[in-house]
Structure formats: C-alpha cells, structure tokens
Amino acid sequence: MPNLTFYISENLLEHVQDLSALTKACQSLCVKQLGAMPEKIHIMYISVQSGCGQPVYAELVYRLLASRSPEVMTAFMRELDQLIQKAMHVTPRIRCFAYPPQQLYAYN
C-alpha cells in the first residue's frame, strides 16, 4: 500500500530536473525499509501554490504492521529527507500516517 505524496511548490517544481530518479529511490526505500511490495507502492507529485511553510511537504499513508515500528519509521523518514534534499536542495516537511489493517478499505 504505501502511498507517498509530494506536495511541491510550483516555483520549486519548475526547477526540479529528474523526478524519475527520485521516484525510483523512494520506491526502493519503501521496499527496503517498509517491506512494501513494489507493485503496491504509489508515488505522486502534486504542484501547489504554497502559502507558507516548507516548499516540499511529503506525506506517507501506510498500513500499520508490527514490522513498521517507530524505529523503522524514523529511519525511513531520515532517508526520505536525505533523498528529497539531494533531489530538490530543500528541507522538506515529512508526515507519516498509519492505518490499522482492519480500518483500511481499498479498491484496486
């Protein structure tokens, strides 16, 4: 499942050279750190008109599993932060939201 959505200031997005490299790195991170199946990962980029705050807001929505402990999620966020800084040269705001399997309904 993990759904990783990037909300990127349209001013910054104009200058980002290679989202495909970031996508591949993030997909690999989800597999390595979260144990996600590659075909279940969704990564989206949304251009936004930023009002205030960081120019990149990354939001991860994921299924809560015992293997995704606080330590695992901390390591995931640390690595995601580094990937974003390398690709976009900005410090992002990162938030992760877990849903217990019995509270998650999905289609397709």
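**The sheet and its pairing**

Ser-9 has Val-48 as its bridge partner in strand S2, in a model that is predicted, where local features need pLDDT of at least 70, side-chain atom pairs count only at pLDDT 80 or more, and totals for chains, interfaces and linings use all residues. Residues are numbered from 1 along each chain as its sequence is written, and side-chain values use heavy atoms, with hydrogens and water left out.

Strand S1 (residues 3-9) runs parallel to S2, and 7 bridges join them; strands are DSSP E runs of at least two residues, helices H or I runs of at least four, both numbered from the N terminus, and two strands pair if DSSP finds at least two bridges between them. The open sheet holds 4 strands in the order S2-S1-S3-S4, with mixed pairing. Because S2 (42-48) and S4 (93-99) each have a single partner strand, they stand at the edges, with one side of each left without a neighbour in the sheet.

**The salt bridge**

The structure holds 1 salt bridge, a term for a side-chain nitrogen of Lys or Arg within 4 Å of a carboxyl oxygen of Asp or Glu. Glu-79 forms it with Lys-32, the closest N and O atoms being 3.0 Å apart. Since Glu-79 lies in helix H3 and Lys-32 in helix H2, the pair ties together parts that are 47 residues apart in sequence.

Glu-79 is partly exposed at 25% relative accessibility, whereas Lys-32 is exposed at 56% (buried means under 20% relative accessible area, exposed over 50%, partly exposed in between, with a 1.4 Å probe and protein chains only).

**His-89**

His-89, in the loop between helix H3 (70-88) and S4, has a positive phi near 60° although it is not glycine, and is exposed with a relative accessible area of 68%.
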